[in-house]
Amino acid sequence: MRSHQMKHWLGWVTALGGSVALNVPAFAQDASGSVERKLEEVVVTARNRSERVQEVPIPISVVSGATLDRDRTFTVAELSQRAPGLTATTPNARRSGISIRGIGKTSGNDNMEPAVGVIVDDVFLGHVGMTYQDFTDLERVEILRGPQGTLLGKNTSLGAIKYTSRAPSFSPQASLELEGGLSRESYKARGSYSNALVDDLLAFRASAFVDNQEGDIENVANGGHWHERNRYGGRVQFLLQPSNALSVKLNLDGAFTHENSNTKPFMVDPTTLNDGSVRATTYTTRLARDYFGGYTPIIGSWDKIELDMARPLITDNYGVSAVVTWDAGSVELTSITAARWFHFDAKNDQEQTRFAVARSGTLVDTRQISQEFRLAGDINERIEYQTGIYLFNIDTDTTSRNTYGADAGAFYASDSQYRTLNTVAGRQLLQASLRDVFSVTNQKPVSDSAAVFGQVNWHLTERASLTLGLRQTWEYKTNEVYRRTTLLDGSPLVATGNATADAIRAAQTGADYGTFQGKRIKDDSIAWLINPSFQLTDRVLLYASASAGEKSGAVAFDNNGRIANVEPEKSLNFETGVKSQLFDDLLTLNVNVYYTRVRDYQNVTSEPDATSPTGFSSRLGNIPEIRAVGTEFDAAVRVSENLQITAGGAYNEAEYTDWSTATCPRSFPTSVAVCNNTGRQIVGAPRWSGIVGFDYQLPLASGFGAHFFGNHVYRSRHNLEQLLSPYGEQSGYSLTDLGAGITHETASARYELSIVAKNALDTKYTTSVNDFSNSAPVGYDGIGPRRYVGVILRSSF
């Protein structure tokens, strides 16, 4: 009991004083070379120009490249442990979801645009799966909270994550990093090199990584481990500077995975509903049929799974971009031309047993092209402006696939159907009903977007400023769908000749239909920003903002191919905050409060469907209204020349303010179809979150030093199931990363040997939950990585 109370109070203390690692400790030197004991200045490009983060009147968290490298923060999920209010779930690329203040998470629908934009080197990523990769060789990451649609990317109505890579250098720069696992088998490597190809004219930078790590979960069916990492990638940049006024940067990058990572361990298979009534047919009762010979499935294990039909998950992300910047003196013109490709291929063991029942998964191919022109300059000494146009096209070919094995009929048959065919001859019919049946549903969503935007910074006085922004966007969207069922070899289905066996097949595959055209969308929207600020002192900035944004609708279908378009999502946001540097710049403290309202919130939900074999179907729809009210803070304090502590936290009351007609979770009897979720905390939104971190560097003799660092994040209890099922509750939890190393510096190089423990306390948690159905238990498809300890040798010269 005492241990439980201690964990509870530690969680609350962390939430109230948690942290974000803003920067690796650094010391500024004066002209004499002596060390100044102060925090390092942080420069960002959140508004498409270089500014001190403390002078930008919007809430921003910044994580430096050095901190990302030190803490081994390479994925979006790992980044969510460094910034308050940011959460992410990444069971696979297609089901990745990113939210800010609990809002914006997408889940497994290729029609759905991200509400939290991810922008890499000025290129907006149009499919959330494009974020499923290791981001390395970075200068910094900026997390911008609130609508950013008047400047950044495409309709970023709730926030943005802005990645900036390290740029090419005209002088030699090199780094190499090797890592091996101590707690489990792994090998990882990262490296970069930059230099001039032609002095003062052409430079390049090349970087590459390999990330291979044994999985947490043992597959007892055929050996091996799942939940692994097996990925590699790289980036090549060229920088051409024919004059001080003109620069051209060409970027080519790719990131690829081929890993046993897409897991969904089953945790509980309820025997009753919430009214006490007994569930007649469940996953467990299906496998208790004598056809399966007394088999006991794995339910409730965090480290064992049984997969017979699954295959490695394949995800490919690659692209090319060209950024041309011309400083014409009175104005600066920027052109950003980009193309990106995303390929995803999932083949999952549907029922997770040793039997040949079913394999499912989606095949996705996405291509996007974009062109942005920006013009920036000064009207006079008090007014600065940016304006431009943005063109964007994205098209996707997405195919949902289901493949059935010889044992599928015995598993998916209803109880009465199974009893009818549970004979020697009947079992052959059970197998014939679904063996080698292959069902696909294909969609081809296409979106064209054009926008004009402008933003003005008006310095009313030396201390008072007003930022005004406006963006007009035009959207044109189409989609089509078909469903087809054949045998695996492409030949047409042939009836078994038995009515019961044919009924088992029909219930599982549904009715085929030809190509249906969706209801086209031709729409426009406006995003705006009003953002006053006042420099109270040289080190204290007060600001407020009112802004609105919109995420476009979607051409969508229900489970039977009928038109079911999704309305645009509209957000309205109010902020006020203070940014301060205190005690001779030893303390940075930024605090803000916010109010966000979203109408027609887009979300993937589940609803009863008599034509679905599970009794439910998922589709993209609208929730009438949600609201988030809360406060956030970032802080960093220089305790001594050697020690820096960083802190951040958030209280977020994010609720459904209008969702009185929600589908009830599956724990309710079917006679209760509608539940009122108004007033409940939204899915995936902890009320309290906090992060605390430290970095301690101890100089030793002869250029040697010691380095100790850590990061601790806390999230309070929240629900992770899309209909707020009682089985979707994730209790409050903490994650702790620790590290220590020995450094050695010479006049030309720096070396470090360190040991890093990720999730050092081996916390068990998940970031996504699937509710049970009549053929599957509750599944944790977002299980976080378990404890990992690695040793790293790093050099830079």
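These are my notebook entries on what I looked up in this structure.

**Ground rules**

I am working with a predicted model, in which local features need a pLDDT of at least 70 and side-chain atom pairs count only at pLDDT 80 or more, while totals for chains, interfaces and linings use all residues. Residues are numbered from 1 along each chain as its sequence is written, and side-chain values use heavy atoms, with hydrogens and water left out.

For burial I called a residue buried under 20% relative accessible area, exposed over 50%, and partly exposed in between, with a 1.4 Å probe and protein chains only. The areas themselves come from the Shrake-Rupley method with a 1.4 Å probe, and for residues only the protein chains shown count as cover.

**Entry 1: a nonpolar patch**

I looked for surface patches, which are made of residues with over 30% relative accessible area and no salt bridge, like charges being joined within 9 Å and nonpolar side chains (Val, Leu, Ile, Met, Phe, Trp, Tyr) within 5 Å. I noted a nonpolar patch of about 560 Å², made by Leu-197, Val-198, Leu-201, Val-236, Phe-238, Leu-240, Leu-250 and Leu-252. Which strands each supply at least two of its residues? They are β13 (186–198), β17 (229–243) and β18 (246–259), and the largest share, 3 residues, comes from β17. I also checked Leu-197, which lies in strand β13 and counts as partly exposed because its relative accessibility is 46%.

**Entry 2: salt bridges**

Side chains of opposite charge can pair when their charged atoms come close. I counted a salt bridge where a side-chain nitrogen of Lys or Arg is within 4 Å of a carboxyl oxygen of Asp or Glu, and the structure holds 57 of them.

I began with Arg-82 and Asp-737, whose closest N and O atoms are 3.0 Å apart. Arg-82 lies in the loop between α3 (76–79) and β6 (86–89) and Asp-737 in strand β42 (residues 733–745), so this pair ties together parts that are 655 residues apart in sequence. Arg-82 is buried at 0% relative accessibility, and Asp-737 is buried too, with a relative accessible area of 6%.

I then turned to Glu-632 and Arg-145, which meet in a salt bridge at 2.8 Å, N to O. This pair links distant parts of the chain, with Glu-632 in strand β34 (residues 616–638) and Arg-145 in strand β10 (residues 138–145), 487 residues apart. I found Glu-632 buried at 1% relative accessibility and Arg-145 buried at 3%.

Are the two partners buried or partly exposed? Arg-750 is partly exposed, with a relative accessible area of 25%, whereas Glu-752 is buried, with 4%.

**Entry 3: aromatic rings**

I paired rings of Phe, Tyr and Trp (its six-membered ring) if their centres lie within 6.5 Å, with planes under 30 degrees apart counted as stacked, over 60 as edge-to-face and the rest as tilted. By this rule the count comes to 23 aromatic pairs. The rings of Phe-342 and Phe-344 have centres 6.3 Å apart and planes at 15°, so I recorded the pair as stacked. Phe-342 is buried at a relative accessible area of 1%, and Phe-344 is buried at 2%. I also noted one aromatic cluster, formed by Phe-266, Tyr-283, Tyr-404, Phe-411 and Tyr-412.

**Entry 4: charges over rings**

A charge sits over a ring if NZ of Lys or CZ of Arg is within 6 Å of the ring centre and within 35 degrees of the ring normal. I found the charged end of Lys-188 over the ring of Tyr-788, 4.6 Å from its centre, and Arg-190 over the face of Phe-74, at 3.5 Å from the ring centre.

**Entry 5: the disulfide**

How many disulfides (pairs of cysteine sulfur atoms within 2.5 Å) does a search of the whole structure find? The search finds 1, and this disulfide joins Cys-664 to Cys-675, S to S 2.1 Å. Cys-664 is in the loop between β36 (662–663) and β37 (674–675) and Cys-675 in strand β37, 11 residues apart. The torsion about their S-S bond is about 105°, so the disulfide is right-handed, and both cysteines are buried.

How values were computed. Helices (H or I, at least four residues) and strands (E, at least two) are DSSP runs, numbered from the N terminus. A disulfide is a pair of cysteine sulfur atoms within 2.5 Å.
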